Amino acid sequence: MDTGILILRLLVGLLVAAHGVQKVSSHLGGSGLEGGTEEFRDDGFRGGVLTALAAGGGQIGSGLLLAAGFLTPLAATGTIGVMTVALTVKWHNGLWVQHDGYEYPLFLIGAATALAATGPGDWSLDAVLGLTPYPLWWAALALVAGLGSGLLTRLVLHRPAPHTAATAGR
């Protein structure tokens, strides 16, 4: 079982971290900090460079913590938070990723929650440092705090769509 958890942790954590690297640099196919900033502006978010840095940094940090199996509930909370924001951006496109839907962020939220529930396994920094096992309620706390922080971020930083005469009758 520890091998499976390790594979899941590495896959999810490194993908989330790599996604963050793309937001703030030109590495791994990213568009640089300017591109990350523009992506958030196009999606209707305030904050410009600070928003891109916070999102990218949150993804890098939580992804690397999750991959290492270090402070796993905190890592899961961060992953759930940033992926909740991504889910809200893609929500209007429906579930499926081929239509730019929220399927992938939803999967990452579920995987991070599962890792918080199972724990990071024996091959983790948490185990080496004697921090495991985490009680199951940490998974519930990670899910609630992650969803809450993501939704709060959306509420605070997202600008409503401009009201125009063309949309007034809809």
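In which hand does H1 pass H3 in their crossing? The crossing is left-handed.

## Basis

This is a predicted model, in which local features need pLDDT of at least 70 and side-chain atom pairs count only at pLDDT 80 or more, while totals for chains, interfaces and linings use all residues. Residues are numbered from 1 along each chain as its sequence is written, and side-chain values use heavy atoms, with hydrogens and water left out.

## H1 against H3

The axes of H1 and H3 come within 7 Å and cross at roughly 160°. Axes are lines fitted to C-alpha atoms, for helices over the stretch in contact, and angles run from 0 to 180 degrees between N-to-C directions. H1 and H3 are therefore roughly antiparallel. Angles over 145 degrees count as roughly antiparallel, under 35 as roughly parallel, 65 to 115 as roughly perpendicular and the rest as oblique. Helices (H or I, at least four residues) are DSSP runs, numbered from the N terminus. A crossing is left-handed if the near helix is turned anticlockwise from the far one by less than a right angle, and right-handed if clockwise.

On the H1 side, the contact (heavy atoms within 4.5 Å) includes Arg9, Val12, Val16, His19 and Lys23. On the H3 side, it includes Ala52, Leu53, Gln59, Ile60 and Leu66. The contact of H1 with H3 divides into 14 nonpolar, 7 polar and 2 charged residues. Ala, Val, Leu, Ile, Met, Phe, Trp, Tyr, Cys and Pro count as nonpolar, Asp, Glu, Lys and Arg as charged, and the others, Gly among them, as polar.

## H1 against H5

H1 and H5 have axes that come within 11 Å and cross at roughly 135°. They are therefore oblique to each other. Their crossing is left-handed. Ile5, Leu8, Arg9, Val12, Leu15 and Val16 of H1 meet Tyr104, Leu108, Ala111, Leu115 and Thr118 of H5. By class, this contact has 9 nonpolar, 1 polar and 1 charged residues.

## H3 against H4

H3 and H4 pack at about 145°, with axes 8 Å apart. This crossing is left-handed. Among the contact residues are Ala55, Gly58 and Leu65 of H3, and Ala75, Gly78 and Val82 of H4. The contact of H3 with H4 holds 7 nonpolar, 7 polar and no charged residues.

## Largest pocket

The largest pocket has a volume of about 690 Å³. On a 1 Å grid over the protein atoms alone, a pocket is an open set of points with protein on both sides within 12 Å along at least five of seven lines, and lining residues have an atom within 4 Å of a point. Grid points are joined across faces, edges and corners, and a volume is the space filled by probe spheres set on the points.

The lining has 36 residues, with Lys23, Glu39, Phe40, Ala86 and Val89 nearest the pocket centre. H4 gives the most to this lining, with 8 residues. By class, the lining has 12 nonpolar, 18 polar and 6 charged residues.

## Backbone exceptions

Most residues other than glycine have a negative phi, and most peptide bonds are trans. Leu28 is not a glycine, yet has a positive phi of about 60°. Leu28 lies in the loop between H1 and H2. The peptide bond from Thr132 to Pro133 is cis, with omega near 0°. Pro133 lies in the loop between H6 (125–128) and H7.

Key: 1 Å grid on protein atoms, 1.4 Å probe; cavity = no way out; pocket = protein on both sides within 12 Å on 5 of 7 lines; lining within 4 Å. Helix = DSSP H or I, 4+ residues; strand = E, 2+ residues; numbered from the N terminus.
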